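Here is a short tour of one protein chain. Keep the sequence and the 3D view side by side as you read.

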Amino acid sequence: MKKLHLRDIILIALIAIIFGFIYLASDGLYNALTALLTPIGYGMLANDIMMGIWCMAGPLTGFLVQIPGAAFLGEFLGSCVELLAGEQWGAVNLLSGAVQGLGSELGFTFTSYRKYNWFTLFLSATTTTIVTYMYDFIKNGYSYFSTFNMILYFVVRWLSMLLFTCVLVKLIVDLLEKAHVIQTNQN
């Protein structure tokens with residue numbers, strides 16, 4: 001198994017910083033979506049629409065660094081940067097970052113950190129969807145939703161995860177490889 005090197009630590013830190021500010025910038029979009037959807041009774045759905053954006057640092061870090069714990073670190077440190085930059089959620093953001101990082105890391109564990117491809121990102125998107133949904137089920141009161149809304153919110157979250165943490169992350173990795181910025185072990 002690959003060991004953590006200074007290059008990996010710098011890459012994890014850079015991804016966390018970049019995504020911490022992306023997460024901060026996306027808060028305005030979240031607020032606008034919430035305001036737009038609230039009159040029709042679906043304001044909380046904005047959380048699920050945005051969830052894929054808020055979970056991108058984990059799978060990108062896991063895919064690029066390719067060591068156990070990298071996905072968790074990338075996501076958690078991204079939430080730390082977002083908090084320090086002055087986001088609107090407060091310290092609870094660190095707990096959300098840890099939950100999101102755990103979900104992302106689980107996808108990589110299912111391949112024993114040996115496969116880095118579309119399927120691995122699909123697993124990571126799916127495990128992150130499940131773990132974060134369970135967290136919001138308790139934290140945000142999703143347990144009070146009708147069965148239809150529970151399923152709707154889950155499916156919307158999963159689609160958001162697939163789009164951002166699977167498709168967009170893979171496109172970023174492929175572009176970085178094509179530009180000879182990084183070289184990954186994709187198999």
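Helices (H or I, at least four residues) and strands (E, at least two) are DSSP runs, numbered from the N terminus. Helix α1 spans residues 6–37, and I22 is found in it. This is a predicted model, where local features need pLDDT of at least 70, side-chain atom pairs count only at pLDDT 80 or more, and totals for chains, interfaces and linings use all residues. Residues are numbered from 1 along each chain as its sequence is written, and side-chain values use heavy atoms, with hydrogens and water left out.

**Surface and core**

Buried means under 20% relative accessible area, exposed means over 50%, and partly exposed lies in between (1.4 Å probe, protein chains only). I22 has 35% relative accessibility, so I22 counts as partly exposed. I22 also belongs to a nonpolar surface patch of about 650 Å². Patches are made of residues with over 30% relative accessible area and no salt bridge; like charges are joined within 9 Å, and nonpolar side chains (Val, Leu, Ile, Met, Phe, Trp, Tyr) within 5 Å. The areas come from the Shrake-Rupley method with a 1.4 Å probe, and for residues only the protein chains shown count as cover.

Now look inside. A nonpolar core is a set of buried Ala, Val, Leu, Ile, Met, Phe, Trp, Tyr and Cys residues joined through side-chain atoms within 4.5 Å. The largest one has 41 residues. I15, F19, W54, L60, L64 and V173 have the most contacts inside it. Two or more residues of this core come from each of α1, α2 (45–54), α3 (57–65), α4 (70–84), α6 (118–139) and α7 (147–178).

What does I15 touch, not counting residues up to four places away in sequence? I15 contacts A57, L60, T61 and L64. Contact means heavy atoms within 4.5 Å.

E105 sits in helix α5 (residues 92–109). Its relative accessible area is 9%, so E105 is buried. Leaving out residues up to four places away in sequence, E105 touches I67, P68, G69, A70, A71, F72 and Y113.

**Salt bridges**

A salt bridge is a side-chain nitrogen of Lys or Arg within 4 Å of a carboxyl oxygen of Asp or Glu. By this rule the count is 4. The table lists some of them.

| Pair | Closest N to O |
|---|---|
| R7 and D8 | 3.9 Å |
| R157 and D48 | 2.7 Å |

R157 and D48 form a salt bridge. This pair links distant parts of the chain: R157 is in helix α7, D48 is in helix α2, and they are 109 residues apart. Both R157 and D48 are buried.

R7 is exposed because its relative accessibility is 51%. D8 is buried because its value is 2%.

K170 and D174 are 4 residues apart in helix α7, so about one helical turn separates them. K170 is buried, with a relative accessible area of 5%. D174 is partly exposed, at 29%. Elsewhere, salt bridges that share partners join D48, D136 and R157 into one network.

**Record annotation**

An unreviewed UniProt entry annotates residues 9–26, 118–138 and 150–173 as "transmembrane region". UniProt positions use the numbering used here, feature names are shortened, and annotations may be inferred rather than shown by experiment. In the model, residues 9–26 are 100% helix and 0% strand, with end C-alpha atoms 25 Å apart. Residues 150–173 are 100% helix and 0% strand, with end C-alpha atoms 33 Å apart.
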